[in-house]
Protein chains: 2
Amino acid sequence: MNNNNFKITIDFEPISRRLFCSRDENLYQLLINSGIRVRSLCGGLGTCGKCKIMVQKGNKYLNPPTDSEKALLTQTEINESWRLACQSRIAENQIPLLETLQPLQIRIFLPQELLVEDFKILTSGLNKGVSLNPNVKKFFVEVNKPNLDNPVPDLERVLISLSSKNGIIKDTNTLLVEFEAIKKLPKILREENHRITITLYDDNKIIDFEAGNKVDRNYGIAFDIGTTTLVGYLINLNDGKVYSVASALNPQTAYGEDVITRITYVNDNEDGLLKLSSTVVDALNDIIKKTCAKAKIKPSDICEATVVGNSVMHHIFLNIDPTYIGLSPYVPAVKRGLNLNSKDINLKISRGGKVYMLPLIAGFVGADTIGVILSSEIDKESELTLAIDVGTNGEIIVGNRDVLTTASCAAGSALEGAHIKDGMRAAAGAIDAIKINPDDLTVEYTTINNKKPLGICGSGIIDAVAEMLKAKIITRSGGFNKQFIDHERIVKNDKIFEFIIVKKDETSNKRDIIISQKDVRELQMAKAAFFSGAQLILNHINQTRNTKLEIKQIFLAGAFGNYINKNNAKFIGMIPDISDEKIYQIGNAAGMGAQNCLLNINLRKKASKLLKKIDYVEIAIEKDFQIQYAEAMYFPHHNLELFPNLKEYKNIPKR
Amino acid sequence: MNNNNFKITIDFEPISRRLFCSRDENLYQLLINSGIRVRSLCGGLGTCGKCKIMVQKGNKYLNPPTDSEKALLTQTEINESWRLACQSRIAENQIPLLETLQPLQIRIFLPQELLVEDFKILTSGLNKGVSLNPNVKKFFVEVNKPNLDNPVPDLERVLISLSSKNGIIKDTNTLLVEFEAIKKLPKILREENHRITITLYDDNKIIDFEAGNKVDRNYGIAFDIGTTTLVGYLINLNDGKVYSVASALNPQTAYGEDVITRITYVNDNEDGLLKLSSTVVDALNDIIKKTCAKAKIKPSDICEATVVGNSVMHHIFLNIDPTYIGLSPYVPAVKRGLNLNSKDINLKISRGGKVYMLPLIAGFVGADTIGVILSSEIDKESELTLAIDVGTNGEIIVGNRDVLTTASCAAGSALEGAHIKDGMRAAAGAIDAIKINPDDLTVEYTTINNKKPLGICGSGIIDAVAEMLKAKIITRSGGFNKQFIDHERIVKNDKIFEFIIVKKDETSNKRDIIISQKDVRELQMAKAAFFSGAQLILNHINQTRNTKLEIKQIFLAGAFGNYINKNNAKFIGMIPDISDEKIYQIGNAAGMGAQNCLLNINLRKKASKLLKKIDYVEIAIEKDFQIQYAEAMYFPHHNLELFPNLKEYKNIPKR
């Protein structure tokens, strides 16, 4: 390696972007020069302390903290390898060592607040129209004052007013009252002349008293805790409308990219569970503040939260050890729906506030899947339907009104841009759609926010591979087609073929954006996992019920499912060969499930009933797993007869 | 006042003893010389720091803290007027001022741990034989391990084991599980190879999991929170037996003698409620430790506590503002029985432990009265029964199987030794029984623990007055009989007549122990309050029901009720003229009620039902109150016909 000309690769998370750093660049310059807009007030002078980053790997290759950093960071932050981007660079005195080393591994975490442009986080979903019957209701009552002839205690007078006010309460003696509410009652009652608002939970428990009429201040918030992204929907429980939405990256990403590395972090660090738990709770509290600010209400006006998330996110959020989800036979601590007190999990809503956790199905099929079922109502379909939710984990549901079977599949996170050479998340500058002209292999593309291209996100990767197939650049087995290897857009780098999607003069970091042979393999594994997973569930259903059902309809859920070209997803064989009008993109169905549970308590009862009906298949131990998976590695499949409508494949070589 | 010969009076609480301090004495010497044994390791040298006392009034008359005190007390303690008795004396430089001052008021609080001899706190009561049906049950189960074919989550496997183990749980889906228990489950389950103990509460909620078989570790503790004394009964919930008992003075006494002064303290001090609340919780936690040490178990083996106490003690314990109990119309915040989490009130029992608060009846008729009704079963009597519970507050019940009416009476605390010149609580050295020879007015007496006499406690005061009546030393109107005023045992002090019970050469503090004219008046007011209270309740019953019922039976509850000579109580007219065999001394019936609620959950349901049946009379606003009270001031009553069996009164002059 030539010291005067060295280039070090650095992986930036959570945008999953690999950049090349030169000797003279500090990391702030590197980011800016690559088109990644980061916050700074001082423009990189080391005085504002805004450009905080966390070095996850390879701290030793960087210069030691500068005086600026010692002044602007806490000792704890320095110990945890936080740096200021503008003060960090590859250490000169490490360079002589570099030649003898393995390829340098440096990984840097960019916190949410550093990035100027928000990630593209899917917040909307298909609302099937849920009627309003929330679990929390508020009643305004004027309470009788006590007198010597009838010196009835405060609470008992309040209950008398409540029972005369509404028809719900049959016997006030059996009505429960939260201790915290009782404690504040004497003061609240006398604050506005015995006129108070009662918050009633589940029609059987008073959880709060407020002075005066606060009936219009009845809000709920539905959370979707994804491995990578967090979304909160603030809903008015009097009219059922979403008043504001806020999202954030899951800050746990700093401690591990996927659920398995997070479980490992919990096991390797004494206070690891508490740290991961509190970091996500803090982030949700920030979302609460943001949504409330947008809707001009106070966090204390929120009486209840509902939460979906995969099993590991669910456990870590609740400070429950997720270890055994990660070990065979992969069991969670609990799967039932949970009604909790917000104060027990430090969620900063109303002091007497409640939290409903949607139930889990299994170790790797979580509450998010229940959310998808509830909001998509797959359980009411007459035709057998395949629903897939592609997040950092992949969940598959096959079902209709008679049967409901789920599984998780090890799809990896290729579809979120990870492990793809120029892959990145759906952030500004990501290529999200691609067309290849089969005649000259020129490429048309679009990017998110129309920024100069920086990398390719999931939907772009699927487009790229589908288009490369249609242009015969690759074969059905995924190899580069010998016929084209002399084309100027096909290059060889370290003995690996690459197809140039965007040439370096057009990109923001002045490097070609490519799809490599290895990238195609990553996508093959991901799509094979989904297809074989669906196939194995279908076989399982048919075997146990002795039927010959077929999938007639597809729901694509999640951010990825919403943004991809469904035709291309079918073309690469990720989903079965079903006509386009029977493939529905249903948006953030998991988050919608959490919203629906907030709006109508009957859906929680339904979730509980669903648990008994839902079957779970552990795909990896199904006997046909290896064969099914291997056959699905082909484009679209080893057995072309499974995709009769994809006529183009007649002309695409198998190898 | 002669400086060389001065004597300053100091009141010591909570033993309600007034002592006279000379110039040369420090307070440690004063206490020791008066026969009050206090703890010290160094014998008064100021090195051990054991003889801590709190100066409640008159701190300015004492010397400033010495170097010893500065070394052995914290700054907070010094600010709160804590001293070491052996370092405290009347300040020499205050003496010239004394002559111009009002009588010096110095009040010193002696904390429980300072006193070597325990107070005589009544812990036993009449047990009517309650069958065992506790609210907390423990089950040992061996839980199936999960496997890949059936990867059931931890909690759901536990519930399957539980439902196969006992017949109680019909539907494990509706069984609630405490969040804290769920959080610990994964670890507990794997600690002893999937063998765990489940703690079930109210047959519908799991509150704890423990590794291994801990079924024999199922204890409860019943608390009686008195204004002055605290008692805890540790009960094994598997066999229903009391394993140990511990008692303590209520440390709130440092902040006020009775409930009204405590309410005042709450109102006058910003953190007054929290301070009073935490001080009693700390004392109960000490009792928990003591009872557990005696029974050789751990506090975490206690799964539930039950609590009785008057309304103010109940509210302060729960950190509920008692202000409105003290203001007309005297309403508590809540009267219903409460099921609470021990952690919400910082009671240090099992982490998932529960607390049941017996219900209140009214502002001045508390859970202690419910406890008396439950344990005495007055509601099952065929004859109309009067039950009185004499503590720092007096509660009266008149009832039988048809009617149940309660009231509180402003008896003052004369019967606990307060406001009586030589009165004191039932501690070592207190005269508890007295006989006067009518021929020569010599006095026979007994003292608690056979110590040299130091003062007179409640039962001794009643005996003294009854015997003074029988010897005609006082008249039926309570005045000293002119006939005897020249007797050597009758002296005049500051124009007030006094009868010498014990001459100074026999007493521990070398001063006469006397009953003064004023003391007789105090007792008259106390006994009149009880008698007129019972009479007014009876009238209220007869008027509202148009009957002419009479009291046929008497239950005397509480420490005082247990130790007094019931014949003398009747003789002074404190209770109606009923034959001795119909007067029952039922001991600490309130505490027994708390125990019974621990033993059998049906009694809690009964308490709840009783609330609807019990009538409450506000005595002070009954129209005959003034007349009834005035007539009852006479011994035994203005109307002698009400006491036909007390033949001796024929010879006792009315005035």
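**View 1. Helices α10 and α16 of chain A cross at roughly 115°, and their axes come within 11 Å.** Here α10 covers residues 367-376 and α16 covers residues 602-613 of chain A. The axes are lines fitted to C-alpha atoms, for helices over the stretch in contact, and angles run from 0 to 180 degrees between N-to-C directions. Helices (H or I, at least four residues) and strands (E, at least two) are DSSP runs, numbered from the N terminus. If you wonder what those two values are for, two packed helices are described by the angle between their axes and the distance between the axes. The crossing of α10(A) and α16(A) is right-handed; a crossing is left-handed if the near helix is turned anticlockwise from the far one by less than a right angle, and right-handed if clockwise. On the α10(A) side, A:Ile370, A:Ile373 and A:Leu374 make the contact, and α16(A) answers with A:Leu603, A:Lys606, A:Ala607, A:Leu610 and A:Leu611 (contact means heavy atoms within 4.5 Å). Sorted by class, that's 7 nonpolar, no polar and 1 charged residues. Ala, Val, Leu, Ile, Met, Phe, Trp, Tyr, Cys and Pro count as nonpolar, Asp, Glu, Lys and Arg as charged, and the others, Gly among them, as polar.

Before the next views, a word on the model and its labels. This is a predicted model, where local features need pLDDT of at least 70 and side-chain atom pairs count only at pLDDT 80 or more, while totals for chains, interfaces and linings use all residues. Residues are numbered from 1 along each chain as its sequence is written, chains are lettered from A and ligands numbered from 1 in the order in which they are written, and side-chain values use heavy atoms, with hydrogens and water left out.

**View 2. In chain B, α10 (residues 367-376) packs against α16 (residues 602-613) at an angle of about 115°, with the axes 11 Å apart.** α10(B) passes α16(B) in a right-handed crossing. Look for B:Ile370, B:Ile373 and B:Leu374 on α10(B), and for B:Leu603, B:Lys606, B:Ala607, B:Leu610 and B:Leu611 on α16(B).

**View 3. Chains A and B meet, with 46 residues from chain A and 46 residues from chain B in the contact.** About 3,700 Å² is buried between them, and carbon and sulfur atoms give 68% of that. Buried area is the accessible area (1.4 Å probe) that two parts lose on being put together, summed over both. A:Leu148, A:Phe179 and A:Arg336 supply 19% of what chain A buries against chain B, more than any other three residues.

**View 4. A:Lys343 and B:Asp344 join side chains in a salt bridge (4.0 Å, N to O).** A salt bridge is a side-chain nitrogen of Lys or Arg within 4 Å of a carboxyl oxygen of Asp or Glu, and the rule finds 2 of them across the interface of chain A and chain B. Which helix gives the largest share of the side of chain A that touches chain B? That's α6(A), with 6 residues.

**View 5. Within chain A, A:Glu180 and A:Arg351 form a salt bridge, with their closest N and O atoms 3.0 Å apart.** A:Glu180 sits in helix α6 and A:Arg351 in the loop between β14 and β15 (354-357) of chain A, so the pair ties together parts that are 171 residues apart in sequence.

**View 6. Chain B has cis peptide bonds from B:Ser328 to B:Pro329, with omega about 5°, and from B:Phe635 to B:Pro636, with omega near -15°.** B:Pro329 is in the loop between α9 (311-317) and β14 (338-341) of chain B, while B:Pro636 lies in the segment after α17 (625-632). B:Asn319, in the loop between α9 and β14 of chain B, has a positive phi of about 65° although it is not a glycine.
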